[in-house]
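This report describes the pockets and cavities of one protein structure. Please view the sequence and model below before reading on.

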Amino acid sequence: MADFDLIIKDGMIIDGTRMPRYRADLGIKKGRIAKIGRLRSSDATRTLDATGQIVAPGFVDLHTHYDAQLFWDPHCTISSWHGVTSIVIGNCGFGFAPVYPEARERAMLTMTRVEAIPYASMKAGLPWDWTTFPEFLDSIDRRPKAVNILPYVPVSPLLTYVMGLEAAKTRPPTEREEREICRLLDEAMDAGACGWSAQRLDPNGPACVQRDYDGTPMVSDLMTDDTCYALARVLGRRNEGFMQMTLVSADPSKDPEHFEKLAELSGRPVLYNVVQPRDSMPFIHRGTIAWLDSCRSRGLRVYGQAVTSDTNMTFSFVDWNLFDDCQAWCDATTGTPAERKQKLGDPARREALRARVPRVITDEFDKIFITQVTREDLKHYEGLTLREAAAKDGKHPVDVMLDIAVADDLRAEFYAPGPNQNMDYMKEMLDYNWLIPGVSDGGAHTKFFTGGRYPTEFLTKLVRDHGMLPLEEAHWRLSTLPALCAGFRDRGTLREGAPADVVVYDYDNLTMGPMEIARDFPGGEWRRVQKADGYRYILVNGELTLENGKETGKTSGHLLRHGAAM
Ligand SMILES: [Zn+2]
């Protein structure tokens, strides 16, 4: 019998520990890395030639929303196309378990807005063969998977399950309800959940940008500090798991204290969302980094998740939801397309829409581009910014945008450049060693955003083209750092004995493809995707899942209960 099932031959190993690269072969046996060194091809059943290629640990994406998509797309694309081999689902406190059968419809409607997952796809693609969280995990376990999955317990369904939606949005839990919430978290952790997550964007704060189906805040947005602390104590008592939180309260200056208290009460890692350089407000990322570093020096396990992708969005008003940080915009963009069209065209609403333009997605509203219209007599707007079109027409940019959208039956498409174009600020952010790159939001906002491309963008744009950090450091950040922050027990680096999650790629010729439309979602739905060129082989648990960008049909991913494959 051969010593190895597979040898990756003659590659440049970058093992994720920040050690200097070296030329070697990597031998795989029974899904694990059996040997790294000089190996003989004759000792393997199969050899993959990696001459001229980088061989590195598969990327770990801690911030995704593949909770629905994983049921119809075992590869969890687009993340897996970009070298991601492990993902964490259930971020921001959103998901589909625990959910009573009679609440399923509402749970799907919620997700159509807050994470913009198409309803028809959920309806056709979710098997709904669970009620409780442990049953949800069993369902994931039964599915074919081409990536590894770690599941958070999302607090919105958890609180809704115990209190009912109405109560969960209007009052804190009673003592009895809180005990039950904590008991269910315990039960989910027993079944292998990795921790819990919450988006807490106070409706009176500056950033309540992702809302429920009806435009109201999410259950997690309304959760009290005390409920958070009770949930943190559960992890502390268990000495297990970690937390993820997106927090902007009515008084954001108090937010750091809250994270510190969660870390103190639990002794567990807390992932802070998000660190993002904004061109108009560099003091924000600078302040956040200074605070995170003070946590580090005090031994508090608060880690920042950093947006390293250009957060540009392409959208039309048929389903656009990310102007919800302004109430007037939220009101005008909820409802059916026909209702939206009526509201966006309503002159009585325009004053309020002009008075406060959304800020979370874009720093400069009037720099949004009009990219594509369907009506012939509107074509002359294509390629103009709102500012340019406004100057031409002698109108306010908001009126230009909405008049075009309404005249084009909401089909007109717009492009909002990311508010993080300044590469000096990006460099400042990357100069802080301890930020986890990503926040892909993979599986969410699929008609607007392709953040799942972040590993490729990180390696090509920030590392190779801008030289912001050495490749050894980049791989540590893309794999090892997130794996350690998230309590993966044995993944994140290439070392003997570890599961063989490996990417083999051509560093010099690695490229990101253009944004494209793919009509591959169930229920006849479409999404925007971005592919990569240059990943030669991607292996998950020792099996080749992607070869030259093509899926091989192997589904060797595992549900990682308690941070490891069972
Ligand atoms: Zn999220």
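## Second largest cavity

The second largest cavity is lined by Pro57, Gly58, Val60, Thr85, Ser86, Arg491, Gly492, Thr493, Pro499 and Asp501; a cavity is a set of points, on a 1 Å grid over the protein atoms alone, where a 1.4 Å probe fits but cannot get out, and lining residues have an atom within 4 Å of a point. Its volume is about 60 Å³, volume being the space filled by probe spheres set on grid points joined across faces, edges and corners. The lining comprises three nonpolar, five polar and two charged residues. Ala, Val, Leu, Ile, Met, Phe, Trp, Tyr, Cys and Pro count as nonpolar, Asp, Glu, Lys and Arg as charged, and the others, Gly among them, as polar.

The model is predicted, with local features requiring pLDDT of at least 70 and side-chain atom pairs pLDDT 80 or more, while totals for chains, interfaces and linings use all residues. Residues are numbered from 1 along each chain as its sequence is written, and side-chain values use heavy atoms, leaving out hydrogens and water.

## Largest cavity

The largest cavity holds about 110 Å³ of space. Among its 16 lining residues, Ile78, Gly443, Thr446, Phe449 and Thr450 lie nearest its centre. Four nonpolar, nine polar and three charged residues form this lining.

## Largest pocket

A pocket is an open set with protein on both sides within 12 Å along at least five of seven lines. The largest pocket has a volume of about 1200 Å³. Of its 42 lining residues, Ala207, Val248, Val274, Gln276 and Val360 are the closest to its centre. The lining divides into 24 nonpolar, 12 polar and six charged residues.
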